[in-house]
Amino acid sequence: MMLLLAALALAPAPGYADLLRQVDPKRMQATVEKLASWHDRNTSNPTLFEAADWLVGEFKKIPGLQVELFRYQIHKGQRIPADKEVVEVVATLPGKTDRRVMVGGHFDSINMKEADLTAGRAPGANDDASGVALTLELARVMSQRQWNQTLVFCAFSGEEQGLLGSRALAKHAKDQNWKIDAVLSNDMVGASSNLEGGKDDANIRVFSEEVPTHQGRECARFIELVARQAALKAGRKSFGVKLVFRKDRFGRGGDHSSFNDEGFTAVRFVEPNEEYTRQHTPNDLPEFEDWNYLANVARVNLASMASLAMADEQPTGVRVDRKQGYDTRVHWTAKPGVKYVVYWRQTTSPVWEGWQAVGEVAESTEKISKDDYVFAVGAEGGIPVEAK
């Protein structure tokens, strides 16, 4: 295991340390407090449109962003009193390519304790002004650089009525043939403790599923690895990523699911210790947030996005040579000028335990048994592709 950890320390680092230092918890606090100042941000109420206009104004203050008030239709249902057109906010930072890396949270809120779901006070500080504040902060910080990939910052609406806004945007992305490398959805990421005595200010959960239609699980493993690498480089204990190998919590869903269902790679960030009395109630207030914790979650998102935003395209045809032997030869279809990394983990390990940068090649031989390890190959900074 020590050899594997040594290999981790040799991994190339994307140059985002200066950006991480610019993440400002006070700016995120101000965003949460502003959004929570509305009586509610219910998709069926005028307050949602007021909050959307404010967010558009904040995104437009950021140089280089193309800001859109994305419109879609909702229809009368269990939590929707009438058909209507609603809006959400999509801010795009054009890159050198048309591949996209997306981050977002939902800015709508709801009070589920009232018979009239459109009437009750619903400040929605943690659920999910926290995720929106994180998204706006990443837009402010990341707009200072030119990236290979196009970055998209989303404030979804309609999440509380059934992921309506993210479903509309995911369908639009599919219809328009968007090339999405990853979607990072942040929903309830600002509180580090609950009223049951649970407290964890050193970890964020990342939920993912493993299906053949997208790379959600590998994206989650990659995020965990980026966070671990950043800690090793800094010589300190990490703010950790706790992987949960499920699409979401039991009986619940989030905006990442909308993109998963359209075949896009997406994961969900959510705090470890949820406080259920502060979800969909008047008690979801800014005073219960942990701003330093929210800043650390933002840094994990930023580091992951920065790495993905500079990565070349993934390799194809990644295979393990089946010839018997004590070494393992991995080969793939390479593209000229692309540098690759070989990854490995024991079959029982949920995370990548080691890797080796191999450069502009189409194969590599590692002195590790194929019987005991899983291998993958990725472009430097990109999500690995598991070898078959």
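So, which residue caps the N-terminal end of H3? That's Asp24: one of its side-chain oxygens lies 2.9 Å from the backbone nitrogen of Lys26. A polar contact here is a pair of N or O atoms within 3.5 Å; within protein, one must be able to donate a hydrogen and the other to accept it, and residues adjacent in sequence count only if both atoms are side-chain atoms.

Quick housekeeping: this is a predicted model, where local features need pLDDT of at least 70 and side-chain atom pairs count only at pLDDT 80 or more, while totals for chains, interfaces and linings use all residues. Numbering starts from 1 along each chain as its sequence is written, and side-chain values use heavy atoms, with hydrogens and water left out.

Okay, H3 itself. Helices are DSSP runs (H or I, at least four residues), numbered from the N terminus. H3 covers residues 25-36, 12 residues. From first C-alpha to last it reaches 16 Å, close to the 16 Å expected at 1.5 Å a residue (that's 1.5 Å times one less than the number of residues).

Its buried residues (under 20% relative accessible area, 1.4 Å probe, protein chains only) are Pro25, Met28, Thr31, Val32, Leu35 and Ala36. They sit on the same side of H3, because they cover an arc of only 125° around the axis, taken from the directions from the helix axis to the C-beta atoms. They pack against H4 (46-60), H5 (125-142) and H9 (291-310), with contact meaning heavy atoms within 4.5 Å.

Last bit, cysteines. There are 0 disulfides, meaning sulfur pairs within 2.5 Å. Cys154 is in none, and its nearest cysteine sulfur, in Cys219, is 15 Å away, so that's too far for a bond. Cys154 is buried at 1%, and Cys219 is buried at 0%.

How values were computed:
Buried means under 20% relative accessible area, exposed over 50%, partly exposed in between (1.4 Å probe, protein chains only). Helices (H or I, at least four residues) and strands (E, at least two) are DSSP runs, numbered from the N terminus.
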